[in-house]
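Grab a pencil and work through these exercises with the model open beside you. Try each task before you peek at the solution.

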Amino acid sequence: EKVIEAISLFQADLYKHREDIEENIDDLNRSLKSIAYTPDTYIELKTESNRDPEIREFQQILRDCLIDVGADRSEEAYEVSFNKVRELINRFKNEARWTTKVTDVRQWLNFAAIERYAADGSEKHYYSDSSGKSGGQKAKLAYTILASAITFQFGLGHTAGSTNTFRFVVVDEAFSRSDEDNSRYAMRLFQQLDLQLLVVTPNTGLQIVEPFIHACHLVMNNEKGDRSRVITMSIEELQENRHQLVEG
């Protein structure tokens with residue numbers, strides 16, 4: 001009885017994790033609705049049950065380990081359930097890849113993004129994955145979802161503009177695969193959410209971020225490649241000394 005009760009609690013815990021994910025997605029959608037993906041649209045996230053055979057098999061195994069509510073709770077019924085639990089535990093021990101996959105509740109769900117018109121909520125595009133999209137389009141979609149997740153995770157929607165909140169984000173190799181329009185969209189998005197941003201980018205990306213930054217730290221190396229230095233300056237100083245810095 002205790003073994004079967006433990007499996008029941010294990011199953012309930014897994015499904016509770018799934019519910020938590022779905023609730024978090026609902027919260028993210030509230031943030032995403034306030035972020036303009038285009039002037040006329042916004043992004044909504046959607047979850048669907050993963051129909052992967054291994055996932056579905058594991059979920060069925062969990063159900064089989066438990067005695068039906070209306071079934072006779074005889075010693076024989078407990079014995080059958082106990083043997084199924086033992087088989088499951090042995091499989092956990094012997095099949096590490098399978099165990100990792102089926103007990104990761106994130107694998108139980110497929111995620112999609114829907115682009116909707118702000119005027120009436122009707123669907124414009126459905127993105128089940130990012131195949132067929134350019135690098136810039138993929139980045140734009142990723143930035144939108146990321147910014148919304150950050151807003152939700154740290155409660156920035158309630159504290160935007162406050163000088164007492166820590167909302168620091170680092171974007172590394174920024175915009176290396178994005179076109180300028182999508183890159184500027186990302187910068188405006190971060191600005192709209194009042195994030196404290198450190199952008200790591202080669203010189204070719206400076207013209208994109210200049211309107212949004214207050215200072216920069218230029219990392220330079222000598223011709224031999226054996227001595228690096230960092231020069232810190234305001235954006236105004238950067239603009240005044242641009243040609244000298246490029247030539248140097």
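**Exercise 1.** In which sense do strand β2 and β3 pair, and over how many bridges?

*Solution.* Keep in mind that you're looking at a predicted model. Start by finding β2 at residues 109–117. Now follow its pairing with β3: the sense is antiparallel, and there are 4 bridges.

**Exercise 2.** Describe how α1 and α2 cross, and list the residues that make the contact.

*Solution.* First, locate the helices: α1 covers residues 2–33 and α2 covers residues 53–65. Their axes come within 9 Å and cross at roughly 145°. The crossing is left-handed. Next, pick out the contact residues. On the α1 side you'll find I4, I7, F10, Q11, L14, Y15 and R18. On the α2 side they're F58, Q59, L62, R63 and C65. Sort them by class and you get 8 nonpolar, 2 polar and 2 charged residues.

**Exercise 3.** Is Q59 buried or exposed? Which residues does Q59 touch, leaving out those up to four places away in sequence?

*Solution.* Q59 belongs to helix α2. Its relative accessibility is 12%. The cut-off for buried is under 20%, so Q59 counts as buried. As for its contacts, Q59 touches Y15, R18 and W108, with residues up to four places away in sequence not counted.

**Exercise 4.** What span should helix α6 have at 1.5 Å a residue, and how far apart are its end C-alpha atoms?

*Solution.* Helix α6 runs over residues 180–192, which is 13 residues. The expected span takes one less than the number of residues, times 1.5 Å. That gives 18 Å for α6, and the end C-alpha atoms are 18 Å apart, so the two agree. While you're there, check the buried residues of α6: N182, S183, Y185, A186, M187, L189 and F190. Just after α6, D194 has a positive phi of about 60°.

Terms used:
Residues are numbered from 1 along each chain as its sequence is written. This is a predicted model: local features need pLDDT of at least 70, side-chain atom pairs count only at pLDDT 80 or more; totals for chains, interfaces and linings use all residues. Side-chain values use heavy atoms; hydrogens and water are left out. Axes are lines fitted to C-alpha atoms, for helices over the stretch in contact, and angles run from 0 to 180 degrees between N-to-C directions. Helices (H or I, at least four residues) and strands (E, at least two) are DSSP runs, numbered from the N terminus. A crossing is left-handed if the near helix is turned anticlockwise from the far one by less than a right angle, and right-handed if clockwise. Contact means heavy atoms within 4.5 Å. Ala, Val, Leu, Ile, Met, Phe, Trp, Tyr, Cys and Pro count as nonpolar, Asp, Glu, Lys and Arg as charged, and the others, Gly among them, as polar. Buried means under 20% relative accessible area, exposed over 50%, partly exposed in between (1.4 Å probe, protein chains only). Two strands pair if DSSP finds at least two bridges between them.
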